[in-house]
Amino acid sequence: MPASQPENSSTAPQSGTAAAIRPNASGVVITGLGVVSPLGNSPSELIERLRAGESGIRPFTQVPTSAFSVSNGAEAVSFTGHINDYGPLEKALQRTIRKGSKVMCREIEMGVAAAQLALHHAGFSPEVFDRDRTGVVYGCDYIMSCPEEYSAGIAACTTDGEFDFTKWGELGLPKVNPLWLLKYLPNMPASHIAIYNDLRGPNNSITLREASGGAAIAEAVSTIMRGHADALVVGATGSRIHTLRTLHASMQEKLAADCADPATMSRPFNTDRDGGVLGEGAGALICESREHAEARGATIFGEVIGYGTSATGPAAGDRPLKVAIANAIRAAIRSAKTAGHGETPVGHIHAHGLGDVDLDRDEAEAINEIFGDVASQPPVTTAKGHIGNLGAGGGMVEIISSVQCLGGDLFPIRNLDQLASECSINAAQGNSVSAGDSFISVNVTPQGQSSAVWIRKA
């Protein structure tokens, strides 16, 4: 059996969900990339720094650290929110986005910026895109509002350190910005992108935490393949670095302990891994039908040939996350087979690779279940050793990094000094590992929602 072929793809249980891609359709291709990440705000910079082994994990600057169990994370330090971060824009659009920034929190700003960068990269213009058939599908975390939004109102109702709730309606609430909620709604990234660019086609928002990016691609491909759109802006944005979100993560998740060198904190699949690292970022793709892209002479960076999603819970047994990951990969393989792409060699796997002791083990076992032992597997990498967990934005940033690798060398897993015995994977551990011409990317949430996409070089 070829090393790049999934071992059990033909006989695997029909678990997970995958919408069949019509075999006679022209396919869905990727024509634009945009990214905001802890390693820069362009796809080329991101992949160069990944291949160079650089880390985006450093001391926090956005949140106070005295109340948290960790003091370091992967902030997108190059993203300031300045209009220049959105790429080349016409003056009118610059003014519109600057005005709109008053009702955009940082996560939404990053998502909009990644989308604008992708649109520019794809050569978007109303002359070649029908706005009625161009839309947005965007992934997002649930966004938590900042405590500062209520500080003036709380102060107005507080006397000698005691808060009087009976005064809130009369004294407190009037001091809260009446538009505060618009800054934090998870459907707002898609809404802003559509409004700023007058995109009148299908518009949808996906909130599946870390699985959002892959699920957004799945929705976009399905929408284009059934003829409801010619092109879609497809992306995801997220942050784990936020006063309340960081506190929640510190209390609810297994986070890597602080190290003297923060760059060594995220150690996916390593024998001494001890948890995930908090980060932030966003990524966006322009997805088009192949017919539409070729008709306008677009540069094609990849083609989505398969996708799948899965959700599991306690009923799945002691290892629900392993089941979720395996089912999502199977579903992606199955949809590719339906479209006639099942014999495409898998060049590499972009694993979730959180650095969590149990999840890394479960993911490794899922990969073994689908692709066989190490000798049969494609090489496996993950960007989280470099950039941590970016929440909903992570999967999309990881997919963009793998698209950039197609046809060239793969970046190795950072901080993988000794592969854990329970993580039997064909780990990329050098700078001369071929990325191949296709990859499968997988992400999973702690609640058991998983998504996988299979993308090949055009």
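Begin by selecting strands β10 (residues 302–311) and β14 (residues 449–456), which pair in the antiparallel sense over eight bridges; strands (E, at least two residues) and helices (H or I, at least four) are DSSP runs numbered from the N terminus, and two strands pair if DSSP finds at least two bridges between them. Within this pairing, G308 has A452 of β14 as its bridge partner.

The model is predicted: local features need pLDDT of at least 70, side-chain atom pairs count only at pLDDT 80 or more, and totals for chains, interfaces and linings use all residues. Residues are numbered from 1 along each chain as its sequence is written, and side-chain values use heavy atoms, with hydrogens and water left out.

Next, select the whole open sheet of ten strands, in the order β7-β4-β8-β9-β1-β10-β14-β13-β11-β12, with mixed pairing. At its edges stand β7 (203–206) and β12 (380–381); each has a single partner strand, so one side of each is left without a neighbour in the sheet.

Now display helix α3 (residues 106–122), which packs on the sheet and touches β1 (28–36), β4 (134–140), β8 (231–239) and β9 (280–289); contact means heavy atoms within 4.5 Å. The direction of α3 makes about 130° with that of β1, where axes are lines fitted to C-alpha atoms, for helices over the stretch in contact, and angles run from 0 to 180 degrees between N-to-C directions.

Finally, select β1, where nine of nine residues are buried (under 20% relative accessible area, 1.4 Å probe, protein chains only).

Technical notes. Buried < 20%, exposed > 50% of the residue type's maximum accessible area, 1.4 Å probe, protein only.
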